[in-house]
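Here are a few notes to go with the model below. Have a look at it first, then work through the points in order.

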Amino acid sequence: MKCALVTGGSRGIGRAVCIRLAGMGYYVIVNYLSNDAEARKTLDLIREAGSDGELLKFDVSDNAAAVSAIEGWQDAHPDTYIEVLVNNAGIRKDTLMLWMEFEDWTKVLGTGLDAFYNVTRPILRPMLVKRYGRIINMASLSGLKGLPGQCNYSAAKGGLIAATRALALEVGRKGVTVNAVAPGFVRTDMVDGLDEAELRKTIPVNRFGEPEEVAALVGFLASKDASYITGECISINGGLY
Ligand code: NAP
């Protein structure tokens with residue numbers, strides 16, 4: 001059984017990644033925070049894609065909860081390990097720095113950056129022991145260039161990109177690759193309320209991206225074909241920089 005864990009797999013890009021990995025033959029562990037109905041729907045779609053999986057509900061920003069869930073899963077499955085990890089869960093709480101409450105800062109950093117530590121660390125050792133692993137981190141255009149109203153989100157994603165590069169240097173010799181993906185605007189709940197008609201004028205391909213397009217890139221990075229790519233941050237943004 002080849003296993004993959006996708007954080008924030010209940011909706012949006014994470015769900016599309018779950019389905020893509022299922023199509024590649026992975027047993028998919030779907031992490032999410034609270035939306036049980038959507039998570040169950042993702043699991044149904046994984047099964048429709050011809051594979052299987054399970055739900056693993058925990059808050060990625062909570063170190064103790066993440067470690068306990070992941071170690072519990074590993075203890076219950078001593079014959080296998082998580083060979084693909086997609087750190088995808090993320091939130092945004094946009095506001096100008098002048099109005100940003102400390103909680104808006106810590107929540108976005110907790111889900112976007114602390115989570116990388118909380119989830120990756122307990123999964124890394126088995127990957128190193130087995131000398132094979134794929135870690136893919138969901139960054140953002142905002143983490144590459146910074147966007148107004150997103151000091152918290154840009155900091156989380158920028159930090160995630162830097163951590164991607166650092167970890168790639170640590171584990172490359174052990175057959176583990178670590179890469180980031182930086183989407184522009186992708187049609188999910190996260191961009192609900194944005195003025196798509198206006199924003200698309202700024203995007204060279206003149207539309208928002210689809211979750212499945214991001215999932216195809218993640219699937220490639222998760223594959224053996226991507227063995228010689230590590231420490232990269234690959235943009236998928238319709239040409240918007
Ligand atoms: P989304 O539709 O809002 O889905 C967010 C997912 O993250 C949900 O599955 C949610 O679970 C989960 N989640 C949130 N907080 C969590 C926590 N503390 N612990 C565990 N799971 C948590 O978002 P999306 O647009 O698919 O975004 C996915 C990733 O892509 C994020 O990292 C985002 O920053 C990044 N991204 C998105 C865009 C875009 O335009 N959409 C652009 C660039 C980057 P529940 O369903 O339980 O709430």
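1. Start with Asn88: apart from its neighbours within four places in sequence, Asn88 is in contact (heavy atoms within 4.5 Å) with Val6, Thr7, Gly8, Ile13, Gly14 and Met138. Asn88 sits in the loop between strand E4 (82–87) and helix H4 (102–130). Helices (H or I, at least four residues) and strands (E, at least two) are DSSP runs, numbered from the N terminus.

2. A word on the source: this is a predicted model, where local features need pLDDT of at least 70, side-chain atom pairs count only at pLDDT 80 or more, and totals for chains, interfaces and linings use all residues. Residues are numbered from 1 along each chain as its sequence is written, and side-chain values use heavy atoms, with hydrogens and water left out.

3. Strands pair if DSSP finds at least two bridges between them.

4. Zoom in on one pair: strand E1 (residues 3–6) runs parallel to strand E2 (residues 27–32), and four bridges join them. Cys3 has Tyr27 as its bridge partner in E2.
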